[in-house]
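Dear colleague,

I am passing on the structure we spoke about, and below it I have set out what was found in it. Please read the notes with the coordinates open beside you.

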Protein chains: 2
Amino acid sequence: MTQMPAEAIVQFDCHGTAVGKMRNELDIHMVQPSEEHFQMASDEGPFHGGDATAPPPLALFVGALTGCIMTQIRAFAKRLGVTLNDLQVDTRVQWNWKAVGRVYETAPRSFEIDVTIDSPDSIEKVLELVETAKKGCFLEQTLGVKNTIHHRIKTADGWLDA
Amino acid sequence: MTQMPAEAIVQFDCHGTAVGKMRNELDIHMVQPSEEHFQMASDEGPFHGGDATAPPPLALFVGALTGCIMTQIRAFAKRLGVTLNDLQVDTRVQWNWKAVGRVYETAPRSFEIDVTIDSPDSIEKVLELVETAKKGCFLEQTLGVKNTIHHRIKTADGWLDA
């Protein structure tokens, strides 16, 4: 993002449409700082009532988190003068799942990210790179704070806060 | 997840390998409660030094969040006896981006989810469905708390906490 001003807003929108048994068509737009369009889908396996035509949402999420920190490490390596011969990241995420009456409730349990960097530079420089990448990683910073999600439901009389 | 016990752990792992300019190959395993395997990739557009061969991590993330709440709404509609003729969800996520010296820092700014449900059932039942789905949605519950992410960096002498 070398062309960006000192401060900016980054925005991604997604329009999801339910199709099939559990498949969701996901139409995604990067709105700011530039306009880009991506199409993907989620589905579930047979044990969750789906047809396994696409990855489940949690697979997209773990891929997003891993890709985000890797992107930041690569982008910042150039800026901090750290040579990367190779970069591999292993992410493990666990959630708690609990049956509650007819439905269930969930909660995050643990996040672990193992970073393997092949670099001729000192371990101090590599550590500084990872530390800096954490602060630049949109998803790490998002997960590290308590976020409020605003919901609205469409009714015949307009939008209702939910 | 009708075959699950009263409590369970859900785990997804991802092995990411950096290839090309900014592309990451993402090899994802659902580890618990069942074993499944998914392959995807992330990349960046030219303005961020990539070749745009795959969606960026934030597109995967917004798709994951949208797919997760939609999956929960559909799964719980059956359990709560709410008829869904159609379901569409519009998600908007904004982040703040700020240049800091040679690098930058990021922070979440806003999360908005608009739910459009076509149902012959009462608005009260639809509202109860969405309320219940929020509690079952792994990613909404994850974003709603401050999470700690544990990092390790591989060194010649073993793993170093970062």
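In this predicted model, seven strands form an open sheet with mixed pairing, and their order is S3(B)-S2(B)-S1(B)-S4(A)-S5(A)-S6(B)-S7(B). The edges are taken by strand S3 (36-42) and strand S7 (158-161) of chain B, each of which has a single partner strand, so that one side of each is left without a neighbour in the sheet. From one strand to the next, the twist averages 20 degrees.

Within that order, strand S4 (residues 86-100) of chain A pairs with strand S1 (residues 7-19) of chain B in the antiparallel sense, over 11 bridges.

Turning to the helices of chain B, helix H1 (residues 57-80) and helix H2 (residues 123-136) pack with their axes 8 Å apart and at an angle of about 125 degrees. The crossing of H1(B) and H2(B) is right-handed. On the H1(B) side, the residues that meet H2(B) are Ile69(B), Gln72(B), Ile73(B), Phe76(B), Ala77(B) and Leu80(B), and on the H2(B) side they are Glu128(B), Leu129(B), Val130(B), Thr132(B), Ala133(B) and Gly136(B). Sorted by class, this contact of H1(B) with H2(B) has eight nonpolar, three polar and one charged residues.

Finally, there is the contact between the two chains, to which chain B gives 104 residues and chain A gives 104 residues. Of the side of chain B that touches chain A, the largest share, 18 residues, comes from H1(B). By class, that side of chain B has 54 nonpolar, 30 polar and 20 charged residues.

With best regards

Conventions. Residues numbered from 1 in each chain as written. Chains lettered and ligands numbered in written order. Predicted model: local features only at pLDDT ≥ 70, side-chain atom pairs only at ≥ 80, totals over all residues. Pairing = 2+ DSSP bridges. Helix = DSSP H or I, 4+ residues; strand = E, 2+ residues; numbered from the N terminus. Axes fitted to C-alpha atoms, helices over the stretch in contact; angles between N-to-C directions. Left-handed = near helix turned anticlockwise from the far one by under 90°. Contact = placed C-beta atoms within 7 Å. Nonpolar A, V, L, I, M, F, W, Y, C, P; charged D, E, K, R; others polar.
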